[in-house]
Amino acid sequence: MSNWERFVDAFFNARVMARYFPDIAYGTLVTIELAALVIVTGLAAGLALALLRSLGFRPVNLLIVFVVDLFRALPPLVIIVFIYFGLPSVELSPSGFVSTWLSLALVLMAFSEEIFWAGITSIAKGQWEAARSTGLSYGQTLFNVVLPQAIRLTIPPLTNRTIAITKGTALATVVAVHEILGMASSAVSNSYNPSPLTLGAIAYLILFLPMVIVGRWLETRMTWKR
Amino acid sequence: MKNLGPRLRGGDSSALPRLVVEARGIHKHFGALHVLKGVDLLVAERELVFIIGPSGSGKSTLLRCLNRLEEPTAGTVVIDGVDLLDARTDINHARQRIGMVFQSFNLYPHMTALGNVTLALRKVAGRSRAKADELGRAALARVGLADRAGHRPGELSGGQQQRVAIARAIALEPRVMLFDEPTSALDPELVGSVLGVMRSLRESGMAMVVVSHEMGFARNAADRVLFMDQGVIVEQGSPAAIFESPTQQRTRAFISQIRH
């Protein structure tokens, strides 16, 4: 067997790939589920915190900043392990899936809150004054004038951060979630062949490349001339 | 909201012109800084009051107190019979009656000209989208921009943007319009179009308070000119009186400065 043949046999073994394709496909579905939950809840919580922060209650804001800094500083894997192995000692036993979802959503919440907040504060004071001078309330101004502009500004950093954190779903393999990497790893141990990892990598590409492309498209579409 | 009804002064509307702005004893502190030191400003219906003065004299702050963008530290502000500083007053409702135009236009960049004009019509005045669009187009026509309804602010010149900003305010049918240096951010060749719109507004009988350096406009459009310095109204009178024969030394110094 030449080196090249050995390489192809190791990473592109058609027989092994066909054998474990259903497993990887199942793992892909789990990853999609996990990723969707993380994105929706993480971004929603981040936006909610940013809106809460915009009200300017000092004690609340100090708490928000503390929580946000905490989850930005901790490695996601540490949070996952903490929730999965730590919480059972207080009579809570979240599954690996829930632990990963919570952890990544908290991290995405923290980062996206900072990004949304930066977007909101970057909108000129004159926008608030113009809107308020026509009788719009604080909330109406926030939702009709400030947020639409702020969210456009935040789309590039938000997309990058969301992709980076969502890729962390692979960490779930540590707490025995049957997502792409978990399924691929066990397929590798069962088949003594790393080809399932190739399948897994392809699955990740199929999942995340469109996100990268949609993010780029949104960036160009969401700008306007000043 | 009983305090929103019209209030006739002295019981006889024909004898005295009705006041749309009654600001009395306005003080404003910014920390240790005493910016307004007991200013009275009364503006009657159809009257154009022009405020001049050196920068830092408090003219813009006074204007911003009239719609409570700044909270006066003391004093009363009654607009069209509504006490703005009364805790029971719905400030958002009252502000529809007070149009404001800013130096930097402050148009919403993500909306079209028509969107800018109709936002408050829909959200505050409660008009349907169709009705708001109709009123919005009429307001844009009044400022000569009927054909720019679908343009974003970024696609308009500074003068056009400021006229959209005026349309946004007048669409709500305010009782008084406040202009805070409306032409200061404009290239000289664009100033005329904005002043033209202000002149036509004036001819339609809109009460206006204008803070500006456009002395030519003050001369031929203002009913009354106020000279402010260091937080007080130093002198006021007809444009001719203020510009030709000011009685106060500070006014004279300022007028001769801006002439040269």
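**Salt bridges and a sheet**

Modeller: The side chains of A:Glu129 and A:Lys125 meet in a salt bridge, 3.6 Å from N to O. This is a predicted model, in which local features need pLDDT of at least 70 and side-chain atom pairs count only at pLDDT 80 or more, while totals for chains, interfaces and linings use all residues. Residues are numbered from 1 along each chain as its sequence is written, chains are lettered from A and ligands numbered from 1 in the order in which they are written, and side-chain values use heavy atoms, leaving out hydrogens and water.

Biologist: Why is the contact of A:Glu129 and A:Lys125 called a salt bridge?

Modeller: A salt bridge is a side-chain nitrogen of Lys or Arg within 4 Å of a carboxyl oxygen of Asp or Glu. The N to O distance for A:Glu129 and A:Lys125 is 3.6 Å, so the pair qualifies.

Biologist: What separates A:Glu129 and A:Lys125 in helix H6 of chain A?

Modeller: They are four residues apart in H6 (residues 125-133), which means about one helical turn. A helix here is a DSSP run of H or I with at least four residues, a strand a run of E with at least two, and both are numbered from the N terminus.

Biologist: What other partner does A:Glu129 have?

Modeller: A:Glu129 also forms a salt bridge with B:Arg64, with the closest N and O atoms 2.6 Å apart. This pair crosses between chains, from helix H6 of chain A to helix H1 (residues 59-65) of chain B. A:Lys125, A:Glu129, B:Arg64 and B:Glu70 are linked in a network of salt bridges.

Biologist: How do you know that B:Glu47 and B:Arg224 form a salt bridge?

Modeller: Their closest N and O atoms are 2.9 Å apart, so they meet the cut-off. The pair links distant parts of the chain, 177 residues apart. B:Glu47, at 14% relative accessible area, is buried, and B:Arg224, at 17%, is buried.

Biologist: What makes S4(B) and S5(B) a pair?

Modeller: Two strands pair if DSSP finds at least two bridges between them. S4 (residues 74-79) and S5 of chain B have two bridges, so they pair, in the antiparallel sense.

Methods. Buried < 20%, exposed > 50% of the residue type's maximum accessible area, 1.4 Å probe, protein only.
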